[in-house]
Amino acid sequence: MKETFAKASGGRRATVGGSAPPAPAALAAKVRTLAPSMTRSMQRVAEAVAGDPAGCAALTVTGLAELTGTSEATVVRTARLLGYPGYRDLRLALAGLAAQQQSGRAPAITTDIAVDDPIADVVAKLAYDEQQTLADTAAGLDTVQLGAAVAALVAARRTDVYGIGASGLVAQDLTQKMLRIGLIAHAPGDTHLAVTNAVQLRAGDVALAITHSGSTGDVIEPLRVAFERGATTVAITGRPDSPVTQYADHVLTTSTSRESELRPAAMSSRTSQLLVVDCLFVGVAQRTYESAAPALAASYEALAHRHGAHRGRP
C-alpha cells in the first residue's frame, strides 16, 4: 500500500496536522534552510527580505519585485515557499522581525570566521552561531510532527536510525539514549547492513533518517526500503523538500548557520540535529517514564560500578 501511495503521489505522504506560517523570528532561519533549493531569482527575493526586513516590509509586491529584479509572481512564490499564504502575510512577518531586531531581541548580524581571527573571537563567533542555530531550529520545529514521531518511537517494536558522517554520530547518540531506557534501537554504520536491517522492518517499527542535505543516497536507500516494508518513517533534515522526505511519514526540519570556508555545514547541522534528537528522546522518556526511570537508574549504577572497579585495580 505504501509503495502504491509513493508512486501515485510522487513519494510524499500527507503529514499529520497543518503547519502555521513561520513566526517572525523563524523567518531568517527559513531563508537559510531553503535558499540552496531555490531558483536564483527566488534567492534574490529571500536574501533581500532576510537582509533588510524593515525596508522590505514597507514595499508592495511590485516594489519588492523591482528591487530584486524579479517578477511579482516570483515574489509570491518565494513567500509561499517560505511558509506564508501570500505576500501580505510575509510583509507582516517582516514588520515583526524588524521590530524584534530594533528592540535587540533578534540578532541582525551574521558572523564569519576569518583566518587571522584571534582565538577569543573564534570562541565568541562560534558560540553566537551555535546559539543562533539552536534558536532557529527551535523556532522552526513543527511540534505536531515532533509529537507524532515521539508517539511512533514509544510504540515501536524496534527503531533503526540511519546517518552518515557527522549525521552518523547523531544517529549513534539517539540509539544510545534509547538503549539506556530499555528500548531496542540500532544505528548501522555500514550502508549494506542498514539496508539489510531495513528489510526486516514491518508495521509497528520505526526507521529514522538523519541527513542535512536530504539527498544522501546511503541514508535514503534504507529509509525507502523501510518505507516499503510498512515501517513508520521519520526524516530529520535541513531541506524539507529534499528527496529523503519522499519516504518520510514525519519530517523534522533543522536549521544551520551559513556555511563558510572554516566552518563547514556539518558542524552547525550537527548542533541542530542533536537538539531535535534530544527533543525526541525526552518526549519518549516522558511517555515511558515508569519503565524509563528504572532503566536509566540501572544503567547509571552499572556504569558507576564499572568505574569504581577500574579505580580499585592495583
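Student: In which sense do S3 and strand S4 pair, and over how many bridges?

Tutor: Good place to start, and keep in mind that this is a predicted model. S3 and strand S4 (residues 232-237) pair in the parallel sense, over five bridges. One of the contacts to look for joins Ala207 to its bridge partner in S4, Thr233.

Student: How do you know that S1 and S2 count as paired strands?

Tutor: Set the number of bridges against the cut-off. Pairing needs at least two bridges, and strand S1 (residues 159-162) has two bridges to S2, in the parallel sense. Therefore S1 and S2 count as a pair. You can find Asp160 standing opposite His186 in S2.

Student: What joins S1 to S3?

Tutor: Four bridges do, and the two strands run parallel. Thr159, for instance, has Val206 as its bridge partner in S3.

Student: What is the order of the strands in the sheet, and which ones are the edge strands?

Tutor: Five strands form an open sheet in the order S2-S1-S3-S4-S5, with parallel pairing. The edge strands are S2 (185-186) and S5 (250-253), as each of them pairs on one side only.

Student: Why is strand S3 called largely enclosed?

Tutor: Strand S3 covers residues 206-210, and five of its five residues are buried, so the rest of the structure largely encloses it. Look at both faces: Val206, Leu208 and Ile210 point one way, Ala207 and Ala209 point the other way, and all are buried.

Student: What kind of unit do S3, helix H12 and S4 make?

Tutor: Together, S3, helix H12 (residues 217-229) and S4 make a β-α-β unit, and it is right-handed.

Student: How many aromatic pairs does a search of the whole structure find?

Tutor: The search finds one. Its rings belong to Phe227 and Tyr247, with centres 5.4 Å apart and planes at 70°. Phe227 sits in helix H12 and Tyr247 in the loop between S4 and S5, 20 residues apart, so the pair links distant parts of the chain.

Student: Why is the pair of Phe227 and Tyr247 called edge-to-face?

Tutor: Take two steps. Centres must lie within 6.5 Å, and here they are 5.4 Å apart, so the rings pair.

Student: Why does Tyr247 count as buried?

Tutor: Buried means under 20% relative accessible area. Tyr247 has 16% relative accessibility, so it counts as buried.

Definitions and conventions
Residues are numbered from 1 along each chain as its sequence is written. This is a predicted model: local features need pLDDT of at least 70, side-chain atom pairs count only at pLDDT 80 or more; totals for chains, interfaces and linings use all residues. Side-chain values use heavy atoms; hydrogens and water are left out. Buried means under 20% relative accessible area, exposed over 50%, partly exposed in between (1.4 Å probe, protein chains only). A crossover is right-handed if, with the strands pointing away from the viewer, the path from the first strand over the helix to the second runs clockwise. Rings of Phe, Tyr and Trp (its six-membered ring) pair if their centres lie within 6.5 Å; planes under 30 degrees apart count as stacked, over 60 as edge-to-face and the rest as tilted.
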